[in-house]
Amino acid sequence: MTTPEIRNRLIDLRSRIRRARFDADTDTLDVLTAELDRVLDIYNQQRKAAQ
C-alpha cells in the first residue's frame, strides 16, 4: 500500500467512524477500529523499512 493509498484509506475510515459514532453503531465501530489498526500497522512497517 502506497503512502497516498494509506492517506486516502485513513480519510475514509475517519468519516466512517464519525458516522458510526453518530449512529451509535458499536458493532461497526469495532470493525472500523480493527481496520484502522491494520492500516496504521502497515504505515508503521513501511516507515521502519524506509529508515
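**Exercise 1. Classify aspartate 12: buried, partly exposed or exposed?**

Solution. Start with the relative accessible area of aspartate 12, which is 29%. Next, apply the cut-offs: buried means under 20%, and exposed means over 50%. The value for aspartate 12 falls in between, so this residue is partly exposed. Keep in mind that this is a predicted model.

**Exercise 2. Which residues form the largest nonpolar core?**

Solution. List the members. They are Ile6, Leu13, Ile17, Ala20, Leu29, Leu32 and Val39, seven residues in total. Then assign them to helices. Helix 1 and helix 2 (26-50) both contribute, each with at least two residues. Helix 1 gives the most, namely four.

**Exercise 3. Which residues does valine 39 contact, leaving aside neighbours within four places in sequence?**

Solution. The contacts of valine 39 are Ile6, Arg9, Leu10 and Leu13. Now check these against the core. Valine 39 is itself a core member, and Ile6 and Leu13 are on the core list too. Then compare with Exercise 2.

**Exercise 4. Describe the overall form of the protein chain.**

Solution. Begin with the secondary structure: two helices and zero strands. Turn to the dimensions. The C-alpha trace spans about 40 × 15 × 10 Å along its principal axes. Then look at the radius of gyration. The chain has 12 Å, while a compact globule of 51 residues would have a value near 10 Å. Aspartate 12 and alanine 34 are 22 residues apart along the chain, and their C-alpha atoms are separated by 14 Å.

**Exercise 5. What do burial, surface and charge look like for the protein chain?**

Solution. Take burial first: 16% of the 51 residues are buried. Next comes the surface. The accessible area is about 4200 Å², and carbon and sulfur atoms account for 50% of it. Last, count the charges. There are 10 positive and 9 negative side chains. The centres of these two sets lie 8 Å apart.

Terms used. Residues are numbered from 1 along each chain as its sequence is written. This is a predicted model: local features need pLDDT of at least 70, side-chain atom pairs count only at pLDDT 80 or more; totals for chains, interfaces and linings use all residues. Side-chain values use heavy atoms; hydrogens and water are left out. The radius of gyration is taken over C-alpha atoms; the globule rule is 2.2 Å times the number of residues to the power 0.38. Buried means under 20% relative accessible area, exposed over 50%, partly exposed in between (1.4 Å probe, protein chains only). Accessible areas come from the Shrake-Rupley method with a 1.4 Å probe; for residues, only the protein chains shown count as cover. Lys and Arg count as positive and Asp and Glu as negative; His and the chain ends are not counted. The place of a charge is taken as NZ of Lys, CZ of Arg, CG of Asp or CD of Glu. A nonpolar core is a set of buried Ala, Val, Leu, Ile, Met, Phe, Trp, Tyr and Cys residues joined through side-chain atoms within 4.5 Å. Contact means heavy atoms within 4.5 Å.
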